[in-house]
Amino acid sequence: MAFVIGDACISCGTCAGNCPVGAIAEGDGKFEIDADSCISCGACASNCPVSCIEEG
């Protein structure tokens, strides 16, 4: 199951920098994860400074 980024996102880009498959890009007001590309490794969630990324 793909991860999702919650509304608490501060758009720091840490998640995108840690995604091994490039599934995260800057969206409208926060970063967004492409569910079709996400491999559910959790690298984004474990590095998020505001803990706003969860399995969706």
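Mentor: E26 belongs to strand β2, which covers residues 24-26. Helices (H or I, at least four residues) and strands (E, at least two) are DSSP runs, numbered from the N terminus.

Trainee: What kind of model is this, and how are residues numbered?

Mentor: This is a predicted model, in which local features need pLDDT of at least 70, side-chain atom pairs count only at pLDDT 80 or more, and totals for chains, interfaces and linings use all residues. Residues are numbered from 1 along each chain as its sequence is written, and side-chain values use heavy atoms, with hydrogens and water left out.

Trainee: Is E26 buried or exposed?

Mentor: E26 counts as exposed, because its relative accessibility is 61%. Buried means under 20% relative accessible area, exposed means over 50%, and partly exposed lies in between (1.4 Å probe, protein chains only).

Trainee: How far is E26 from A43?

Mentor: Their C-alpha atoms are separated by 17 Å, and E26 and A43 are 17 residues apart along the chain.

Trainee: What about A25, and which residues does A25 touch?

Mentor: A25 also lies in strand β2. Its relative accessibility is 44%, so A25 counts as partly exposed. Not counting residues up to four places away in sequence, A25 touches F31 and E32; contact means heavy atoms within 4.5 Å.

Trainee: Let us change topic. How many helices and strands are there?

Mentor: The protein has 2 helices and 4 strands. Read from the N terminus, the order is β-α-β-β-α-β.

Trainee: Why is the protein described as compact?

Mentor: Its radius of gyration is 9 Å, close to the 10 Å that the globule rule gives for 56 residues, so the protein is as compact as a globular protein of that length. The radius is taken over C-alpha atoms, and the rule is 2.2 Å times the number of residues to the power 0.38. Along the principal axes, the C-alpha trace spans about 25 × 20 × 20 Å.

Trainee: What share of the residues is buried?

Mentor: Of the 56 residues, 32% count as buried. The protein exposes about 3300 Å², of which carbon and sulfur atoms supply 45%; these areas come from the Shrake-Rupley method with a 1.4 Å probe, and for residues only the protein chains shown count as cover. Among contacts between residues at least 6 apart in sequence, 57% join residues at least 24 apart.

Trainee: Where is S11, and what does S11 contact?

Mentor: S11 sits in the loop between β1 (3-5) and α1 (14-18). Its neighbours within four places in sequence aside, S11 is in contact with G29, K30 and F31. S11 counts as partly exposed, because its relative accessibility is 29%. S11 and E32 are 21 residues apart along the chain, with 9.7 Å between their C-alpha atoms.

Trainee: Which residues other than glycine have a positive phi?

Mentor: S40 is one of them, with a phi of about 55°. S51 is another, with a phi near 50°. Most residues other than glycine have a negative phi. S40 lies in the loop between β3 (31-33) and α2 (43-47), while S51 is in the loop between α2 and β4 (53-55).

Trainee: Are these two exposed or partly exposed?

Mentor: S40 is partly exposed, with a relative accessible area of 29%. S51 counts as exposed at 59%.

Trainee: How many cavities does a search find?

Mentor: A search of the whole structure finds 2 cavities of 30 Å³ or more. On a 1 Å grid over the protein atoms alone, a cavity is a set of points where a 1.4 Å probe fits but cannot get out, and lining residues have an atom within 4 Å of a point. Grid points are joined across faces, edges and corners, and a volume is the space filled by probe spheres set on the points.

Trainee: What lines the largest cavity?

Mentor: The largest cavity holds about 80 Å³ of space. It is lined by 14 residues, and C9, C12, C15, C48 and C52 are the closest to its centre. C48 is buried, with a relative accessible area of 13%, and is found in the loop between α2 and β4.

Note on methods
1 Å grid on protein atoms, 1.4 Å probe; cavity = no way out; pocket = protein on both sides within 12 Å on 5 of 7 lines; lining within 4 Å.
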